[in-house]
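Morning, everyone. Please have a look at the sequence and the model on the screen. I will walk you through it.

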Amino acid sequence: MYPLGLLFGLGFDTATEIGVLGISATEASKGLPVASILVFPILFAAGMSLMDTTDNVLMLGAYGWAFVKPIRKLYYNITITSVSVAVALVVGGIEALGLMVGQFHLRGYFWDAVTRLNNNFGALGYFIVGLFAVSWIVSIAFYKWQRFDDLELGA
């Protein structure tokens, strides 16, 4: 369950949470003691806690860097907002296309790829984490290359 919680922290698929409840219910119906059943949600929570803590530590460092100078804050907000909008459009688009596949029974290479993405949001979560990491690295390199810290801002 720990890896499942970790994947849930990376992805957007709430089916994993339902899966934890299903596993717990199935094992309870087989006579597994309650103490043993509680291991599943505890491990799931531990995986989620690891991901949330990692995210918060990274965000604290990023915000700390951004608020030293006003130009950094502006640059940081533009970069993060742009990447967040792109991620939201991709995730929403995949969800919408997945609904179209289900309703209209669409077939073909593109629609099969959409179905695979909808069935594997954990992999999409890895891609999104990688996208944010790459965007931060590229953004920092561009920021230093353009020497934005040397700019003087007037009132």
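What share of the 155 residues in the protein chain is made up of buried residues? Buried residues make up 25%. Buried here means under 20% relative accessible area, exposed means over 50%, and partly exposed is in between, with a 1.4 Å probe and protein chains only.

Some ground rules. This is a predicted model, so local features need pLDDT of at least 70 and side-chain atom pairs count only at pLDDT 80 or more, while totals for chains, interfaces and linings use all residues. Residues are numbered from 1 along each chain as its sequence is written, and side-chain values use heavy atoms, with hydrogens and water left out.

Now the fold. The protein chain has seven helices and zero strands. Read from the N terminus, the elements go α-α-α-α-α-α-α. Helices (H or I, at least four residues) and strands (E, at least two) are DSSP runs, numbered from the N terminus.

Next, a pocket. The second largest pocket has a volume of about 220 Å³. A pocket is found on a 1 Å grid over the protein atoms alone: it is an open set of points where a 1.4 Å probe fits, with protein on both sides within 12 Å along at least five of seven lines. Lining residues have an atom within 4 Å of a point. The volume is the space filled by probe spheres set on the points, and grid points are joined across faces, edges and corners.

Which residues line the second largest pocket? They are Leu 58, Gly 61, Ala 62, Trp 65, Tyr 75, Tyr 76, Thr 79, Trp 136, Ser 139, Ile 140, Tyr 143 and Lys 144. The elements that give two or more residues to this lining are α4 (39-66), α5 (70-104) and α7 (121-145). Helix α7 gives the most, with five residues. By class, the lining has eight nonpolar, three polar and one charged residues. Ala, Val, Leu, Ile, Met, Phe, Trp, Tyr, Cys and Pro count as nonpolar, Asp, Glu, Lys and Arg as charged, and the others, Gly among them, as polar.

Tyr 2, Val 39, Leu 43 and Leu 50 make a nonpolar patch of about 290 Å². Helix α4 supplies the largest share, three residues. Val 39 sits in α4 and is partly exposed, with a relative accessible area of 40%. Patches are made of residues with over 30% relative accessible area and no salt bridge; like charges are joined within 9 Å, and nonpolar side chains (Val, Leu, Ile, Met, Phe, Trp, Tyr) within 5 Å. The areas come from the Shrake-Rupley method with a 1.4 Å probe, and for residues only the protein chains shown count as cover.

Salt bridges now. Side chains of opposite charge can pair when their charged atoms come close. The rule: a side-chain nitrogen of Lys or Arg within 4 Å of a carboxyl oxygen of Asp or Glu. How many salt bridges does this rule give? The count comes to three.

Take Asp 149 and Arg 72. Their side chains meet in a salt bridge, 2.9 Å from N to O. The pair links distant parts of the chain: Asp 149 is in the segment after α7, Arg 72 is in helix α5, and they are 77 residues apart. Buried or exposed? Arg 72 is buried, at 14% relative accessible area. Asp 149 is partly exposed, at 24%.

Another bridge joins Arg 147 and Asp 150, again listed at 2.9 Å, N to O. Asp 150 counts as partly exposed, at 49% relative accessibility. Arg 147 counts as exposed, at 55%. Then there is Glu 27 with Lys 30, where the closest N and O atoms are 4.0 Å apart. Glu 27 is partly exposed, at 24%; Lys 30 is exposed, at 62%.

Last, the backbone. Most residues other than glycine have a negative phi. Arg 147, in the segment after α7, has a positive phi near 55 degrees. His 105 also has a positive phi, of about 50 degrees, although it is not a glycine. Where is His 105 found? In the loop between α5 and α6 (109-119). His 105 is exposed, with a relative accessible area of 58%.

One more distance. Gly 102, in helix α5, is 13 residues from Thr 115 in sequence and 8.8 Å away in space, C-alpha to C-alpha. Gly 102 counts as partly exposed, at 43%.
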